[in-house]
Amino acid sequence: MTIHMAGPGSDCAPLDPAAALFHSLSDPTRLGIVKRMSQGEVRVGELAAELGLAQSTVSAHIACLRDCGLVEGRAQGRSVYYSLSRPELMDVLAQAEILLAATGNAVSLCPNYGADSARAELTNTNLTKENAR
């Protein structure tokens with residue numbers, strides 16, 4: 001996939017696949033699943049135990065990654081073993097680590113997506129509910 005930058009007045013559609021890829025990786029749980037799968041095949045039950053999550057939650061995250069073509073399953077008896085379908089994904093994540101190191105705290109401090117943005121969003125949601133009463 002080639003990412004084409006949209007110019008002024010042009011359609012942003014060429015960025016849609018890239019945005020979908022990064023959105024599929026935007027959840028910390030999905031990143032944890034990908035990291036674990038980089039070590040080899042794993043079953044949902046094992047992932048659930050390692051991540052401390054319900055199997056249904058892990059299954060939903062795996063489904064997201066599978067729908068994006070990043071994860072595949074291999075049936076063996078009654079079990080399904082999941083693994084990364086594209087090893088290039090680890091290259092993308094390695095480059096992301098390099099970029100994060102270069103930008104320092106800039107991403108963490110981002111008002112839209114940084115570490116405090118979730119707390120701010122939760123606070124705003126609670127304030128909205130309070131004001132509605």
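Me: Which residues of helix α3 (residues 44-51) are buried, and what makes them count as such?
Reply: In this predicted model, the buried residues of α3 are Val44, Leu47 and Ala48. The term applies because each has under 20% relative accessible area.

Me: Why are these three said to lie on the same side of α3?
Reply: Val44, Leu47 and Ala48 cover an arc of only 100° around the axis, which puts them on the same side of the helix. An α-helix has 3.6 residues a turn, so residues three or four places apart point the same way.

Me: What covers the buried residues of α3?
Reply: The cover includes α2, α4 (55-67) and β2 (79-84). Just after α3, glycine 52 adopts a positive phi of about 70°.

Me: Which helix gives the most to the lining of the largest pocket?
Reply: That helix is α5, with 9 residues. The lining has 17 residues, and Leu25, Leu31, Leu93, Ala96 and Leu100 lie nearest the centre of the pocket. Both α2 (28-37) and α5 (88-103) supply at least two lining residues. The space in this pocket is about 610 Å³.

Me: How do the residues of that lining divide into nonpolar, polar and charged?
Reply: The lining holds 11 nonpolar, 3 polar and 3 charged residues.

Me: How confident is the predictor, and where does pLDDT stay under 50?
Reply: The average pLDDT is 82, and 76% of the residues score at least 70. Residues 4-10, however, fall below 50, and this stretch has 5 contacts beyond near neighbours in sequence. Residues 122-133 also stay under 50, with 0 contacts beyond four places in sequence.

Key: Residues are numbered from 1 along each chain as its sequence is written. This is a predicted model: local features need pLDDT of at least 70, side-chain atom pairs count only at pLDDT 80 or more; totals for chains, interfaces and linings use all residues. Side-chain values use heavy atoms; hydrogens and water are left out. On a 1 Å grid over the protein atoms alone, a cavity is a set of points where a 1.4 Å probe fits but cannot get out, and a pocket is an open set with protein on both sides within 12 Å along at least five of seven lines; lining residues have an atom within 4 Å of a point. Grid points are joined across faces, edges and corners, and a volume is the space filled by probe spheres set on the points. Helices (H or I, at least four residues) and strands (E, at least two) are DSSP runs, numbered from the N terminus. Ala, Val, Leu, Ile, Met, Phe, Trp, Tyr, Cys and Pro count as nonpolar, Asp, Glu, Lys and Arg as charged, and the others, Gly among them, as polar. pLDDT is the predictor's confidence in each residue, from 0 to 100. Contact means heavy atoms within 4.5 Å. Buried means under 20% relative accessible area, exposed over 50%, partly exposed in between (1.4 Å probe, protein chains only). The arc is that of the directions from the helix axis to the C-beta atoms.
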